[in-house]
Amino acid sequence: MQAIGLETVGMTMRFGALAALDKVSVRIAPGTIHALLGENGAGKSTLVKCIMGFYHATEGGLLVDGKEARIADPVDAQRLGLGMVYQHFTLVPSLTGAENLVISRADAPPVIDWPAERTAIDRFLADLPFKPPLDRPVSRLSAGEKQKLEIVKQLYLGSRFLILDEPTSVLTPAEADEVLSHIRALCQSGRITVLLITHKFREVRRFADDVTVLRRGRHAGTGSVADLSDDRMAQMMMGDAPARPVLDRTGTHGAPVLELSGARAPSLSGPNGIAIDELCVRAGEIVGVAGISGNGQTELMEMLTRQRPLTAGRIAIKGRPFGATRAEAQALNVRYLPEEPLRNASAPHMSVAENLALRVFDTGPGGPILWLNRKAMIRDAQARIAAYDIKTASPHSPIATLSGGNVQRTVLARELDGDVDLLIVANPCFGLDFNAVAAIRGRLMAARNRGVAILLISEDLDEIFELADRIAVMSCGRLAFVAQAGATDVAEIGAYMAGRA
Amino acid sequence: MSGDLGLWAVPVAMLGGAIRVSTPFLFVSLGECLTERSGRINLGLEGTLTFGAMAGYALAFESGSAWVGVGAAAAAGAGFGAFHGWICRFKGVNDIAMGIALMLLGIGLAFFFGKPYIQPVAPDLPSIPFGFWSDVPQVQAALQVNVLFLVGVALAFGMAWMLRNTALGLRIRVVGDSTEAARAIGIAPDRVQLWATAAGGALAGVAGAYLSLYYPGSWNEGLSSGQGLMAVALVIFARWNPVLCLFAALLFGAAGALGPALQTVGFTSGYYLFFAAPYVLTLALLIFTSTPGNALDSAPGELSITK
Ligand SMILES: Nc1ncnc2c1ncn2[C@@H]1O[C@H](COP(=O)(O)OP(=O)(O)OP(=O)(O)O)[C@@H](O)[C@H]1O
Ligand SMILES: [Mg+2]
């Protein structure tokens with residue numbers, strides 16, 4: 001058996017006063033898929049980063065294959081056969097997929113014979129179910145494509161213990177199943193052991209052998225998946241699991257708020273551009289845009305924020321042409337929540353409080369202000385940190401130190417605040433635990449009921465069906481299908497997503 | 001028909017001028033390109049170039065060999081580059097501010113040590129007469145190509161190949177794009193940046209030696225006319241691509257040769273305005289080649305000017 005087992009012993013990690021991990025001991029048997037569950041900020045990423053030598057644990061030890069191991073940095077970990085796919089991507093953006101694969105090998109040859117390397121890579125990919133594009137720079141790949149490339153890279157590097165930090169948040173359910181069943185097959189054949197961080201119970205149930213739950217940095221329970229019910233796992237995560245709020249849909253649709261007509265723009269990949277002939281979102285309505293990642297959703301978002309210039313057509317908000325300047329966005333009450341908010345919607349090295357104030361820092365009660373009101377900023381931040389349950393050491397911590405889910409909450413707290421007429425969101429629940437998912441979907445629905453027009457671009461079909469009044473399907477840069485949510489079903493939408501209908 | 005080419009003299013003189021004037025641009029911009037590809041920016045190359053010109057001239061004079069001078073200039077340049085690379089690895093050191101300081105230091109040191117070498121005559125670098133087939137003196141003069149230019153052309157293609165096809169080249173690009181990713185795959189960013197900056201400095205030193213040992217071909221304090229600074233703009237214009245650096249350098253060289261070329265055909269009124277052509281060209285190119293949206297797509301991610 002090539003797969004290796006791993007054990008952490010009393011692992012503790014402190015960031016200043018905050019104990020992100022508190023004496024966590026976990027045993028992962030070789031050749032199994034071990035799920036790691038926990039709320040946002042529970043310390044899951046911190047635990048695996050300590051294993052990989054990215055952080056140095058304050059206390060505690062590590063056994064790899066039964067032997068005590070000292071891991072100073074990720075290179076040591078790789079030498080021991082440990083590999084990890086991080087929650088934030090670590091591919092090199094300007095290098096192509098193939099270049100990323102070859103250069104991350106410790107034995108990359110001094111002079112690279114590309115034709116030979118390509119043949120080798122293609123042969124290696126032949127028995128994997130995913131085929132990430134290899135000739136495009138990674139910066140031009142969609143989140144889903146990057147995720148596949150990250151996993152492929154680890155397998156290519158010959159890792160025998162693979163840590164996956166929320167690998168499926170960017171994949172469609174079908175893609176996720178495909179990826180995970182292949183990984184499961186690799187485990188069963190004894191090639192690899194997997195530590196899988198996820199928020200999706202469905203995946204734990206279908207693919208994992210064992211599960212460990214963390215709560216606020218502490219070990220809250222371990223067991224075989226077969227012996228644990230969903231309710232039991234939820235209870236271990238939350239303490240007492242609160243009832244999931246029911247989303248009521250009230251109110252009627254109003255006037256059109258966002259209108260796109262004949263909008264054209266170049267796409268990130270491929271010669272065919274993006275073409276949206278007609279899209280309208282009315283007040284008090286949620287329009288969901290479904291689609292498999294990489295079908296033009298990123299570009300659509302960029303068109304709406306005017307980061308991607310239109311080659312034809314127009315975008316109007318409340319009948320007025322919209323150029324997405326700060327003044328226009330403020331006057332028309334337009335708010336955004338793009339994907340990868342740490343990169344696209346925050347200033348990573350600025351504090352949580354400053355990031356929360358980005359929309360309003362230069363306005364006071366009586367119009368524009370010249371001097372920042374720090375006290376009010378902190379007070380306001382504290383209120384929103386409490387209201388949105390953001391886990392941060394303090395309002396002064398840089399937002400980049402927050403866990404993935406908490407960055408998401410911070411940006412949402414900023415964007416949903418105050419008067420909003422139009423909200424454009426992409427994958428708002430990417431990487432959130434289910435409590436947070438329920439809370440955020442509740443907030444979106446409440447905003448809709450208040451009369452906000454919401455355009456929801458999401459790769460999660462459940463989310464689309466739960467929230468949307470109307471559903472549009474994006475495929476190959478076009479809106480392939482639009483229907484009232486009540487008049488269609490998952491099978492039909494899925495067929496259009498796959499481009500079959 | 002020897003001698004009188006009429007207005008044809010202008011393009012012929014510009015061709016020759018382009019090759020002659022572009023060589024220092026080519027070397028500094030290749031040096032800057034390599035440095036920036038590793039994620040550092042070195043604004044001190046103007047100083048490195050001036051010091052290289054002085055050091056090259058001085059050693060060529062003392063030793064009697066122009067090539068010893070070129071070697072000395074490269075070594076001095078590498079020293080400046082390595083110093084820059086070493087100092088920038090410390091937390092809180094800004095590579096732009098440090099570069100400007102080094103530029104002033106280089107120029108100052110060059111003037112200080114260069115005083116005794118303003119008068120003496122050092123040996124010139126050899127050149128190859130590619131114009132032997134023609135009996136027109138202007139053509140012969142234009143095709144008198146210096147060996148360093150040929151080295152520079154080979155270097156441009158070699159560097160482009162290196163960045164695509166060698167592990168070293170990929171490592172430089174990884175470091176330039178994301179030091180975090182570099183660490184994750186076990187590359188020490190500081191080391192790579194140190195060597196890339198040192199190599200970039202060496203190339204700038206060679207550019208200086210070309211100025212003092214070939215064209216114009218003597219050492220004085222007004223020798224460099226901002227080639228080291230314009231290289232920064234040139235690299236951006238060339239989109240961090242060594243082969244495009246070659247073409248950009250030729251373009252700048254041709255623009256620089258415009259003034260003198262017009263002079264040769266007796267165009268005297270206001271011709272000195274044409275001496276400003278390279279600078280005007282720099283501005284114009286940077287403005288017209290920067291389209292919003294995709295302008296800096298190819299910029300290395302760790303570069304402090306684009307971050
Ligand atoms: N470098 C750091 N500096 C300070 N605090 C940190 C740092 N990294 C993590 N933390 C804190 O440690 C806690 C645990 O974070 P971690 O990223 O491990 O959470 P997580 O369980 O992975 O959550 P998520 O599901 O949202 O990804 C969080 O409160 C976070 O703010
Ligand atoms: Mg995490």
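Predicted model: local features only at pLDDT ≥ 70, side-chain atom pairs only at ≥ 80, totals over all residues.
The shell around ligand 1 comprises 21 residues, of which G41(A), K44(A), S45(A), T46(A) and S403(A) are the closest. Three of these five residues can be considered together with their distances to oxygen atoms of the ligand. For G41(A), the approach involves the backbone, with an N or O atom located 2.7 Å from an oxygen atom of ligand 1. For S45(A), the side chain is involved, and one of its N or O atoms is likewise placed 2.7 Å from a ligand oxygen atom. The side chain of S403(A) places an N or O atom 2.8 Å from an oxygen atom of ligand 1. On its own, ligand 1 has 640 Å² of accessible area, and the protein covers 88% of this area.

With regard to secondary structure, at least two shell residues are supplied by each of three elements of chain A, namely β2 (18–28), α1 (44–51) and α14 (404–415). Helix α1(A) provides the largest share, with three residues. In terms of residue class, the shell around ligand 1 consists of 11 polar, six nonpolar and four charged residues.

In chain B, helix α6 (residues 147–165) packs against helix α11 (residues 242–264), their axes coming within 7 Å and crossing at roughly 150 degrees. Angles over 145 degrees count as roughly antiparallel, and α6(B) and α11(B) are therefore assigned to that category relative to each other. On the α6(B) side, the contact is formed by F149(B), V153(B), A156(B), F157(B), M159(B), A160(B) and L163(B). The α11(B) side contributes P242(B), V243(B), L246(B) and L250(B). Classified by residue type, this contact between α6(B) and α11(B) has 11 nonpolar residues, with no polar and no charged residues.

Two features of backbone geometry were also identified, one in chain B and one in chain A. The peptide bond joining Y215(B) and P216(B) is cis, with an omega of about 5 degrees. P216(B) is situated in the loop that connects α9 (189–213) and α10 (227–237) of chain B. In chain A, D65(A) adopts a positive phi of about 60 degrees, although this residue is not a glycine. The position of D65(A) is in the loop between strands β4 (59–64) and β5 (67–68) of chain A.

How values were computed
Residues numbered from 1 in each chain as written. Chains lettered and ligands numbered in written order. Heavy atoms only, no water. Near = heavy atom within 4 Å. Polar contact = N/O pair within 3.5 Å; in protein donor to acceptor, adjacent residues only side chain to side chain. Areas by Shrake-Rupley, 256 points an atom, 1.4 Å probe, with all protein chains shown as cover. Helix = DSSP H or I, 4+ residues; strand = E, 2+ residues; numbered from the N terminus. Nonpolar A, V, L, I, M, F, W, Y, C, P; charged D, E, K, R; others polar. Axes fitted to C-alpha atoms, helices over the stretch in contact; angles between N-to-C directions. Parallel < 35°, antiparallel > 145°, perpendicular 65-115°, else oblique. Contact = heavy atoms within 4.5 Å.
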